[in-house]
Amino acid sequence: MKIYIYSTHGGVWLSDLSLKERFIYSLERKKVDKIPVCSVTQTGIVELMEITGAKWPDAHYDPEKMATLAIAAHELIGLEAVRYPFCNTVIAETLGCTIETGSLDTQPQMLDFPCKKKEDVAGLSIPDKLLESKRIQIILKATDIIKSRLSDDVPVVAGILGPAAIACYLCGVNNYLRWCITSPEVLNELIALGTSVCTEYANALFDRGVDAVVIIDSEAGPDLLPPPLFESLILPQYRLLTKNLNGHSILHICGDATDVLDMMAASGFEGLSVEEKVNLTYASQVISGRACLIGNVSPAVTLLGKSPENIKKEAKQCIEDGAGILAPGCGIAPRTPIENIRAFVAARDEYYSEKGV
Ligand SMILES: [Zn+2]
């Protein structure tokens with residue numbers, strides 16, 4: 001059945017929306033015929049690596065392989081966006097962290113960080129030619145390759161570390177947890193530096209045609225940072241960041257973000273991506289139309305380990321509970337069977353056909 005909507009620009013058949021239009025309309029909280037199903041978090045799956053030959057760890061560092069693996073999650077299993085990269089270490093390494101490269105099924109991890117003590121923070125600065133740094137160049141080149149290989153109808157989504165995550169990488173988690181109480185002004189310096197880096201890097205991605213940037217910033221969430229500190233340290237930086245971004249933005253916070261949902265909705269991001277620990281019905285009420293709610297089927301419990309029938313059941317429940325974009329609650333586990341992701345995608349269509357739409 002076609003759904004017709006009249007706008008000042010003339011009528012539009014909503015069922016004729018391209019994947020990109022449907023994705024962007026959803027972020028903008030406009031009417032759509034059905035919500036998109038995709039992942040705004042990592043999509044590198046070992047089965048796809050085997051099929052395409054674009055394997056981790058090379059696919060983190062080789063733009064061609066990164067593009068190939070990212071596109072495969074759309075073309076071979078039906079996710080309705082192309083999302084990359086597959087790790088959270090690009091900015092961290094660019095700013096001076098030491099990173100080990102990971103393996104076929106583990107992501108690159110931080111080994112060492114530059115700010116061991118508070119005095120180290122003053123010596124830290126953003127590289128003059130940030131966008132020409134090695135890891136960022138890889139992502140920018142991968143973006144160009146994806147844009148050249150992909151139909152313009154498919155949304156391109158890039159993940160980058162957020163300000164709190166950058167601060168935590170730079171000073172290590174122990175200093176982060178201590179300084180947020182004992183020296184919030186020092187942490188604030190690091191978070192502000194993170195905001196500047198995010199803004200410059202995200203806008204470079206938008207310049208190259210990325211449709212949405214996902215700010216991965218779990219270190220701002222209640223699992224690490226007490227909610228009153230979210231209000232004083234994080235919210236002003238998010239408002240500054242979103243004001244200066246030249247494209248669509250999504251905030252992803254891992255863990256149970258329930259206690260900061262209201263502030264997340266006031267931060268200026270168009271999309272809020274949350275884990276399964278957040279109750280979507282409750283989140284929809286709190287957010288109350290201020291952002292598009294994205295989530296939140298469990299990648300570790302459900303997508304990795306449950307049967308296609310149970311995956312479909314949980315995915316349909318997410319739509320019922322108010323998801324504006326159906327997505328995993330966090331990064332897809334690399335060993336997830338691709339059949340499970342296909343079932344996840346199929347659940348969206350089944351939901352609407354069962355509803356008679
Ligand atoms: Zn997460």
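This is a predicted model: local features need pLDDT of at least 70, side-chain atom pairs count only at pLDDT 80 or more; totals for chains, interfaces and linings use all residues.
User: What does α8 span between its end C-alpha atoms, and what would a straight helix of 20 residues span?

Analyst: The expected span of a helix is 1.5 Å times one less than its number of residues. A straight helix of 20 residues would span 28 Å, but α8 spans only 19 Å between its end C-alpha atoms.

User: Which residues of α10 are buried, and what covers them?

Analyst: A residue is buried if 20 or more other C-beta atoms, placed from the backbone, lie within 10 Å of its own, exposed if 12 or fewer do, and partly exposed in between. In α10 the buried residues are F230, L233, I234, Q237, Y238 and L241, and their cover includes α8 (163-182), α9 (184-207) and α11 (261-265).

User: Which residues have the most contacts inside the largest nonpolar core?

Analyst: Such a core is a set of buried Ala, Val, Leu, Ile, Met, Phe, Trp, Tyr and Cys residues joined through C-beta atoms within 7 Å. The largest one has 117 residues, and I160 and A167 have the most contacts inside it; its largest share, 11 residues, comes from α8. Two residues are in contact if their C-beta atoms, placed from the backbone, lie within 7 Å, and I160 touches, among others, I91, C198, Y201 and V213, not counting residues up to four places away in sequence.

User: What is the strand order of the open sheet?

Analyst: Strands of a sheet pair through backbone hydrogen bonds, either parallel or antiparallel; here two strands count as paired if DSSP finds at least two bridges between them. The open sheet has seven strands in the order β3-β6-β7-β8-β9-β10-β11, with parallel pairing. Strands β3 (82-84) and β11 (325-328) stand at the edges with a single partner strand each, so one side of each is left without a neighbour in the sheet.

User: How many bridges join β10 to β9 and to β11?

Analyst: Three bridges join β9 (residues 271-274) to β10, with L272 opposite L293, while four bridges pair β10 (residues 292-297) with β11, where V297 stands opposite P328. Six of the six residues of β10 are buried, so this strand is largely enclosed by the rest of the structure.

User: Which backbone angles deserve attention around W56 and P57 and at S288?

Analyst: Most residues other than glycine have a negative phi, and most peptide bonds are trans. A cis peptide bond joins W56 and P57, with omega about 0°, and P57 is found in the loop between α2 (46-52) and α3 (58-61). S288 has a positive phi of about 45° although it is not a glycine, and lies in the loop between α12 (280-287) and β10.

Definitions and conventions:
Residues are numbered from 1 along each chain as its sequence is written. Helices (H or I, at least four residues) and strands (E, at least two) are DSSP runs, numbered from the N terminus.
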